[in-house]
Amino acid sequence: MDTVNNVKSSRRRISTTVAGLTGLLFLAGCATNAPQDTWQAKGPNAQKISDLQWIVFPIAGVVGVLVLALAGYIMFKYRDKGQPIPTQGHGKPTAEIILTIVPALILTVVGVFTFRAIFELAKTEDTEMIINVTGQQWWWEYDYPVQTELGINTPIISSGQLVMPVGTKVLLRETSRDVIHSYWIPALNGKKDAVPGRIHLLRLEADKPGIFAGQCTEFCGLSHANMRMEAVALSKEDFAKWVASQQKAYTSPADGTLAKEGETVFLNQCVRCHQVNGLKKADGTPALAAPDENVYSGAAPNLSHLMSRNTFAGAMFDLLRKSCRADVWDATSEEFGAKYLAGVSESCLNQTDLRAWLRNAPAMKPMYADPTKLTKTGGKYRGMPNLGLTENDIDKLVAYLLTLK
Amino acid sequence: MAIIERPSSEVATPAVVAPSQALGAIRRPVASKGWRSWLFTVDHKKIGIMYGVVAMVFFIVGGVEALLIRLQLALPDGRILSADQYNQMFTMHATTMIFLFAMPMAGAFANYFLPLQIGARDVAFPRLNALSLWLLVGGGLILNASWFLGGAADGGWFMYAPNSGPVFSPSNGVDFWVLGLQIAGIASLIGSINLIVTVLNMRAPGMTLMKMPVFTWMILVVQFLLVFSLPVITVALVLLMFQRSYGATFFDVSQGADPLLWQHLFWIFGHPEVYVLILPGFGIISEVLPTFSRKPLFGYPFVVFSGASIGLVGFGVWAHHMFAAGLGPVSVAVFSISTMAIAIPTGVKIFNWLLTMWGGKIWYTTAMKFAIGLVVLFTIGGLSGVTHSVAPSDTQQTDTYYIVAHFHYVLFGGMVFGLFSGFYYWWPKVFGKLLNEKLGSWNFWFMVIGMNLTFGPMHILGLQGQPRRMYVWTEARAGEGLFNFGFWNMVSSIGSFVLAVGILFFLINVVITARNGKQAPADPWDARTLEWLATSPPKEHNFDRIPVVHHLDEFFHRKYEEDPNTHTMRQIATGEELIRAEEAAADSDIHLPGPSYWPLVLAIGIGVLGLGVVYGTPVMVVGAAVVLLASFGWVLEPSVPEAIDYASPDGDGHSKEIATHG
C-alpha cells in the first residue's frame, strides 16, 4: 500500500514538474521585444484581440494539460502487467454524452466573447481619420485624403511608414494595384487583406507615441518576404507638425551645389516613375512622373519628403544608420515625436544601402526587372530596374535626396 | 473478364487461362509474374502496394524539399535558395505532401485493406482502380517535371489569384501544377466512386454498416468528402487553366472579376481536403488502439458518427481560412462558430481513443506507440486549432508560423503518425514479415522528438510575429535575448534533420526486413478484424470462402468467448486454426477480374492530352487519339468472359462470379 502511494505521489510530482517546466519554458522561450509580438497590444483594437487570446489560450492550455495527463495516466496504469484480457465492453453512452456536452459548453463561452469582439472590431461609425492604403509588389502606398480638421488641406502621399496621431480612431481603406497583400501591424490590430478591386477596412489606434513594425502577410510573389511596413504614432501636436511638413512647398537646391546637379540626374532618370511634388523641369514646366508607362502596377513611391521617413524600398532598408535607428526605435514615448520628426540628417543617413540600391536595385531585392524577361507584362517592370548610374551620378543623387525633407 | 483459379489447399498461385479467342485483337495480358504482372494488374492488393511505393517516393521528394526550406531558414538572410527557388520549394513541398504523398498513401491503405476488411475479393471496378493509380503517377510526374522544364509552380499550394496569373507567374510552373493536380484529381474522383460502391455493395454477408471496421468507415466518409469536394477544385483548376493558357479573365480584376472567387472555390475544396487527409489516420489508429489494448473501440457508434459529422461540418467551415480576407463580420462570425463546432466531434474521438485504452491490457508495439503519438500530437494540434476558430485572434495568427505549427501537428502528428502506425501494424499482413521492432522504436522516438523540435518552436515563432512563406527572415524583427527568432529557427532546423533520421530508420527497417525478416505468424497481434482471416500475404482471391459476419470485430470473436462466470475472455481458437479452417472449406470456383492493358494506356493518353495545354495542339491531338484508342480497347474488352474462360479446370461448371465490372 505504501509503495503504491509513493509511486502515485512521485508520479504526481513528476507530472506537475513536467507541466510546470513546459509552461515556464514556453514563457521564458519568448524573445524580448520581438517587434511583431502578437501579445503586446499597443492600442485598443489589438487589446481586444489580446483579451480574447487571454481567454482561449489558457482554456486550451488547461484542457491540453488535463487530456495529456489523462493519457499519461492511462498509458502507465493499463500497461500489460499480465492481467487477463478485459471484458469486451463497447462503451458508456452517458460518458459519451457528458464528454460531448462539456466541450460544447466551454466553446459556447468562448463563442460569446468571440462574437462580440468580431462585431466591435468591424465598427466604422466612430472613425476619426481615414488613410487610404494601397499595396503593390512590393511596397505600400499611403494616401491621406483631404481632412481639414486634421490640417490635411492637400492630399499627402507617402510610403513605407504610416504616420498617425495617437488616441485617434484611424480607419484604413485598403486595396491593391496587382496581387493580394495583407496589412499587419500586430501591436495595433490583426491583419486585413488588400485585394485588387475591393476596399477593405481596418481600424487602427495607438495609445502612445512610438513606432510599430509590420509585414505583408499574404504571399504576394517573389519579394513577399521583403514587403514590410512600419506604423508611426505621434502625439496630436507632433502629428500636426508632420502634416505641415508633408505639405511644405518644394524648394529646389541652390545653384552650383552637388544637390542641384543631383536634381538634374533625378529629372533625367528617376522622375520617369518617382514623383517629387513641385519639382520643375529645366524649361519651368512641372515634372510629372508616369509610373503607369513603366511599372506594371502603375505606381512608384512618391519621394517628395523621402528624408522625413526612415525607410526605403518597401521598408526593406533603413534610411537611418543603425545607431540613429536605434535612437528612434528605443526613444521613450515623450521623446519619440521630436526624434522622429528630425528626419534623416546627412550624418545619420545609411549611405551603404542607399548607394547600393541606386547602383543596382534588383541585386538588393528580388524583382522582375530584367528587361529581356518582360514579355508577359508588355515590357513593364515589376520593381525598380538597374539604371546603370555612374558613381558620380550616385553621389549627386544622394546629395539631392538628402534635401527632400 | 475473369481468370479462374483452381481451388487448392496449397499456397495459391493463380493459374491464368488464355485470353478470349473471340476478340483476338484485344487480348488481355496474361503474365502473373514479373513487371508485366504489376503494370497491367487490376488486383487491389498489387495496386495498393504500388500506391504505397509511389507515395513513399514522393514523401522522400517532399521531405528533401522541406529540409532545404529549413536549411534556408536556419539563419537570418539565408542564402541556400534564391527567393524564386524558395517560393517554388514551399509550393511544391505542400503540393507534393498533400496530393502525392498523404492522399495516395491513404489510398494505398484503403485499396489494400478495405476489400479485406469487408470480406470482399476485390474492389467493385478493378480496371478503374488501376486507372486511378496510373493517373496519379501521371499527375505526379507532370507536377514534378516542371522542375526541369523552366521552373516549378511558385504561387503556394493555395495558388491565390491573381498572383497565379500569367503576368505574375510567367514560367510554366503553374500550368504544370494545374494539369498535374487536375489529372491526380481525376484519379481521386474515380477512386472515391470505386470505393463507395465497393463498401456499399460488396460487404460480406452479415456485415451491416454498423459492424464494419472503423478504418473502412473512415475511408467511406473520406470518399464521400472527395466526391463532393473534388468537383469544386476541378472547376477552379479549369478556370485557372483557361485564364493562363487561353486568355480568359475569370480572376482579372480589370475585367470586373473578384479574386476572392478563387479563394472560396479553393477552400470549399481545401477544407474538406484537410479531413480527407486526417480521417484515414483516425481510421488506422481506431484499429490499432483496440487491438493493442485488447478491448473493442470505446463507443464505436460515437466514433463512427463523429467521423461522419466531422465530414459533414467540414463542408461548412471553409471561410476560416479567410478570416483576414475581408468577408465582413456576419460571415466571419458564422464561420467562427462553425469552426468551434467541429472541435466537438473531434474531441469526442480523442476521448473515445483514451477510453479504449482505459481498463485495457496495453501492449506497446511500435504500431501502438505511433497510434498513441497520434492521439497526443493531434490533441495539441486540435487545441491550437481551437485558438484559430476565435476569428479576431486568428487575424493575428493567420499567415504566421503559428499556423504552420498547428497544421503540422495535425497533419504530421495526426496523419503521418497514423500512417506509420499502419505500416507497422499491417506490414506482416502485406509482406508476411514483421518489421523489426527495435528499429521501429528508434524510428518512433526520432520521429516524435524530431517532430516536436521542428514544429513546437514554430508556435513561439508565429506568436512572436514571424510570418510564413518568406524566403528569409531578418534580424531586425527577431527580437532580443537568447530565445529570439535565431534560437528557435535553429532548433526547428535541427529538429527537421532529427525527423529525417527517424524516417531513415524506417527505410532501413524496410530494407532489413525484406532481406532478413522472418516469416510472421499468421496472427501476430491477436487482431480483431477480417483481414487477419486471410493468409499473410493474402492469396490473390483474398478469402478461400467468403466469411459470414456476426460481430463487430468478427475475427476476435471467432477466437474468444466470454466466460459467463468470470466475465473474462477465454480463447477458443487461434488465428492460425481459423485460417486453416477457411482453407479447408475453400470455395470450389473463384472468379477474379483479369489484367488489362487499357488503364495504363488510357492514363498515358490523358497525361499527353494534358501536356498539350502547354505544348500546343499537335500534342493534344496525339493525346486525344490515345484516349480514344484506349476507350475503345477498354469497352471492347469482353465484359462478360467467353465460355472458355468459365470452363472450370476440373470441369465442375459450378461458379461464383464476384466481379465482372471492369
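This is a predicted model: local features need pLDDT of at least 70, side-chain atom pairs count only at pLDDT 80 or more; totals for chains, interfaces and linings use all residues.
Visitor: Start with the two chains. How many residues of chain A are in contact with chain B?
Guide: On the chain A side, 99 residues are in contact with 106 residues of chain B.

Visitor: And what area is buried between them?
Guide: About 8,600 Å² is buried between chain A and chain B, and carbon and sulfur atoms give 68% of that area.

Visitor: Which three residues of chain A supply more of its buried area than any other three?
Guide: Those are Ile85(A), Gln88(A) and Phe219(A), which supply 9% of the area that chain A buries against chain B.

Visitor: How many salt bridges between chain A and chain B?
Guide: The count between the two chains is 3 salt bridges. One pairs Asp80(A) with Lys361(B), with 2.9 Å between the closest N and O atoms.

Visitor: Is the crossing right-handed or left-handed?
Guide: H3(A) and H9(B) make a right-handed crossing. The residues in this contact divide into 19 nonpolar, 5 polar and 1 charged.

Visitor: What about H7 and H9 in chain B?
Guide: Helix H7 of chain B, residues 260–293, packs with H9(B) at an angle of about 20°, and the axes are 9 Å apart. H7(B) and H9(B) are therefore roughly parallel to each other. H7(B) passes H9(B) in a left-handed crossing.

Visitor: Which residues meet there?
Guide: From H7(B), the contact includes Tyr275(B), Leu279(B), Phe282(B) and Ile285(B). From H9(B), it includes Ile342(B), Lys349(B) and Trp353(B). By class, the contact of H7(B) with H9(B) has 9 nonpolar, 3 polar and 1 charged residues.

Visitor: Now H2 and H4 of chain B. At what angle do they cross?
Guide: The axes of H2(B), residues 44–73, and H4(B) cross at roughly 15° and come within 10 Å of each other. That makes H2(B) roughly parallel to H4(B). The crossing of H2(B) and H4(B) is left-handed.

Visitor: Which residues make the contact?
Guide: Among them are His44(B), Ile47(B), Phe58(B) and Glu65(B) of H2(B), and Pro126(B), Trp134(B), Leu141(B) and Asn144(B) of H4(B). The contact of H2(B) with H4(B) has 13 nonpolar, 5 polar and 1 charged residues.

Visitor: Salt bridges again. How many over all chains?
Guide: A search of the whole structure finds 34 salt bridges. One of them joins the side chains of Arg121(B) and Asp587(B), at 3.0 Å from N to O.

Visitor: Where in the chain are those two?
Guide: They lie in distant parts of the chain, 466 residues apart. Arg121(B) is in the loop between helix H3 (83–117) and helix H4 (126–145) of chain B. Asp587(B) is in the loop between helix H16 (575–584) and strand E4 (590–593) of chain B.

Visitor: Why can such side chains pair at all?
Guide: Opposite charges can pair when the charged atoms come close.

Visitor: Last topic, the backbone. Is the peptide bond from Gln137(A) to Trp138(A) cis or trans?
Guide: The bond from Gln137(A) to Trp138(A) is cis, with omega near -10°. Trp138(A) is in the loop between strand E1 (129–136) and strand E2 (139–144) of chain A.

Visitor: And from Ser536(B) to Pro537(B)? What is omega there?
Guide: Omega is near -10° for the peptide bond from Ser536(B) to Pro537(B), which is cis. Pro537(B) is placed in the loop between helix H14 (485–516) and helix H15 (554–559) of chain B.

Notes:
Residues are numbered from 1 along each chain as its sequence is written. Chains are lettered from A and ligands numbered from 1 in the order in which they are written. Side-chain values use heavy atoms; hydrogens and water are left out. A crossing is left-handed if the near helix is turned anticlockwise from the far one by less than a right angle, and right-handed if clockwise. Helices (H or I, at least four residues) and strands (E, at least two) are DSSP runs, numbered from the N terminus. Ala, Val, Leu, Ile, Met, Phe, Trp, Tyr, Cys and Pro count as nonpolar, Asp, Glu, Lys and Arg as charged, and the others, Gly among them, as polar. Contact means heavy atoms within 4.5 Å. Buried area is the accessible area (1.4 Å probe) that two parts lose on being put together, summed over both. A salt bridge is a side-chain nitrogen of Lys or Arg within 4 Å of a carboxyl oxygen of Asp or Glu. Axes are lines fitted to C-alpha atoms, for helices over the stretch in contact, and angles run from 0 to 180 degrees between N-to-C directions. Angles under 35 degrees count as roughly parallel, over 145 as roughly antiparallel, 65 to 115 as roughly perpendicular and the rest as oblique.
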